[in-house]
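Subject: Structure for you to look at

Hello,

Here is the structure I promised to pass on. Please open it next to this message, as the notes below refer to residues by name.

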Amino acid sequence: MSAPRFTEEQLRHSVWPRFSRVLARDEIYLANHSLGRPPDRMAEDVRAALDVWYRDMDGAWPFWLQQQERFRTLTATLVGVVRADCIVPKTSAGQGLRAVLNALPGKPRVATSDGEFDSLDFILRVYREQGRIELKTAPWRELNVAGADLVVLSSVMFRTGEVVEDLPNLVRGAHVAGALVLLDVYHHAGVLPLDLDTLGVDFAVGGSYKYTRGGPGACWLYVRPGLAETMRTLDTGWFAKRDVFAYARPEPPEYGRGGDAWLESTPPVLAPVQALAGLELTLELGVERLRAHNLAQKSRLASLLLEQGVKAAGVGDAYGAFLTVVHPESGAIAKQLHEQGIKVDARSEYLRICPDILNSDAELERAARLIVAVVNQH
């Protein structure tokens, strides 16, 4: 990683003032891998989107749709996609997965890992139970794409933070085997550099809940150019029509251009708005530089923990944005830490700890002392 990291003085001067509301909270927040902390401007943007409703009633739609297009453009830039129309706004990553499953003919054979987050895992298992798909599950390092029509895989594992190795070769291998590839990049976009066009994946799902600080509901599905024009999903609606507001009903139905053909019914308008400030900040600061800073913070925090006898995994490029401490009572440890003003979380035996640009070095030192003290009580 060659990008220079930020200094705490730079962040204190130019970034932290934009987060006065969340930084006023009396806690050390290290769950930045979960619900990201929003900038103050997020509330101002949402207020503006509501104000235009009060003022203009249905005349607000041009403004709302303009904000949705801004969300698509910023997201496309973030994930290395040239065509913003190939970013399809969704309210969840699961909604994006369903759109893809409902575009595949027959009873598709799906290969996935046992490390997928519940939002995708549950949908896949329900589709299997309903007889809609054949499902083959394996640890991600043992994933076998032979015979699959669709591969569903995270690029960063949500429990361990492991970055899936050699993703370009995995994608190429899946394509050679005749499978399409859907990547879950929720733990990747905004915190590790990402170039979906170069990777050549067919679909990707992600959202603004975590590292781009946009809260719930601001999610998206990426559909590769070529597929956007030729595949059709049953998860459709009148915003997928050509000339949406012409109210014409040609036979057969006529779709919008490119990725617009994957839109659905009347969209939620506030979710994209709440995501704009965080996306703009992420692009302004630069993902490579954010990654360099995060790598340094992870290394610092892991060293502080190890000096006091607690070993954390997750340091270095082979991992995403958070550290993990493996402990059978990780849930109880997270709860106890929360009571002491340290916000982390747990997924099965993994205690997840994620510093970011809003955490000072003094916070990391204090958090390490408390984490060690609580872990040693269990």
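In which loop does Arg213 lie? Arg213 is in the loop between β7 (203-207) and β8 (219-223). Helices (H or I, at least four residues) and strands (E, at least two) are DSSP runs, numbered from the N terminus.

Before the rest, some ground rules. This is a predicted model, in which local features need pLDDT of at least 70 and side-chain atom pairs count only at pLDDT 80 or more, while totals for chains, interfaces and linings use all residues. Residues are numbered from 1 along each chain as its sequence is written, and side-chain values use heavy atoms, with hydrogens and water left out.

Backbone points

Arg213 is not a glycine, yet its phi is positive, at about 65°. Arg213 is also buried, with a relative accessible area of 8%. Here buried means under 20% relative accessible area, exposed over 50%, and partly exposed in between (1.4 Å probe, protein chains only).

Asp243 is another residue other than glycine with a positive phi, near 50°. Asp243 counts as exposed, at 54% relative accessibility, and is found in the loop between α9 (227-230) and α10 (270-285). Pro252 has its place in the loop between α9 and α10. The peptide bond that joins Glu251 and Pro252 is cis, with omega about -5°.

Cavities and the pocket

Rolling a probe the size of a water molecule over the atoms shows where empty space is left. The search uses a 1 Å grid over the protein atoms alone: a cavity is a set of points where a 1.4 Å probe fits but cannot get out, and a pocket is an open set with protein on both sides within 12 Å along at least five of seven lines. Lining residues have an atom within 4 Å of a point. Grid points are joined across faces, edges and corners, and a volume is the space filled by probe spheres set on the points.

By this rule there are two cavities of 30 Å³ or more. The largest cavity holds about 200 Å³ of space. It is lined by 20 residues, and those nearest its centre are Val191, Tyr211, Arg213, Leu290 and Asp356. By class, the lining has nine nonpolar, seven polar and four charged residues. For these classes, Ala, Val, Leu, Ile, Met, Phe, Trp, Tyr, Cys and Pro count as nonpolar, Asp, Glu, Lys and Arg as charged, and the others, Gly among them, as polar.

The second largest cavity has about 40 Å³ of space. Its lining is made by Phe71, Thr75, Leu78, Ala189, Gly207, Ser208, Thr212, Trp220 and Leu279, and helix α4 (residues 61-79) gives the most, with three residues. Five of the lining residues are nonpolar, four are polar and none is charged.

The largest pocket holds about 360 Å³ of space. Of its 20 lining residues, Phe117, Ser119, Tyr186, Tyr209 and Lys210 are the closest to its centre. The pocket lining divides into eight nonpolar, eight polar and four charged residues.

Helices

Helix α3 (residues 40-56) packs with α10 at an angle of about 145°, with the axes 8 Å apart. Axes are lines fitted to C-alpha atoms, for helices over the stretch in contact, and angles run from 0 to 180 degrees between N-to-C directions. On the α3 side the residues are Arg41, Met42, Asp45, Val46, Ala49 and Leu50, which meet Leu270, Val273, Gln274, Leu276, Ala277 and Glu280 in α10. Contact means heavy atoms within 4.5 Å. The residues of this contact divide into eight nonpolar, one polar and three charged.

Eight of the nine residues of helix α5 (residues 93-101) are buried, so α5 is largely enclosed by the rest of the structure. Among the buried residues are Gln95, Leu97 and Val100.

Gln297 is found in helix α11 and is buried, with a relative accessible area of 4%. Not counting residues up to four places away in sequence, Gln297 touches Pro355, Asp356, Ile357, Asn359 and Leu364. Asp356 is also one of the residues nearest the centre of the largest cavity.

Regards
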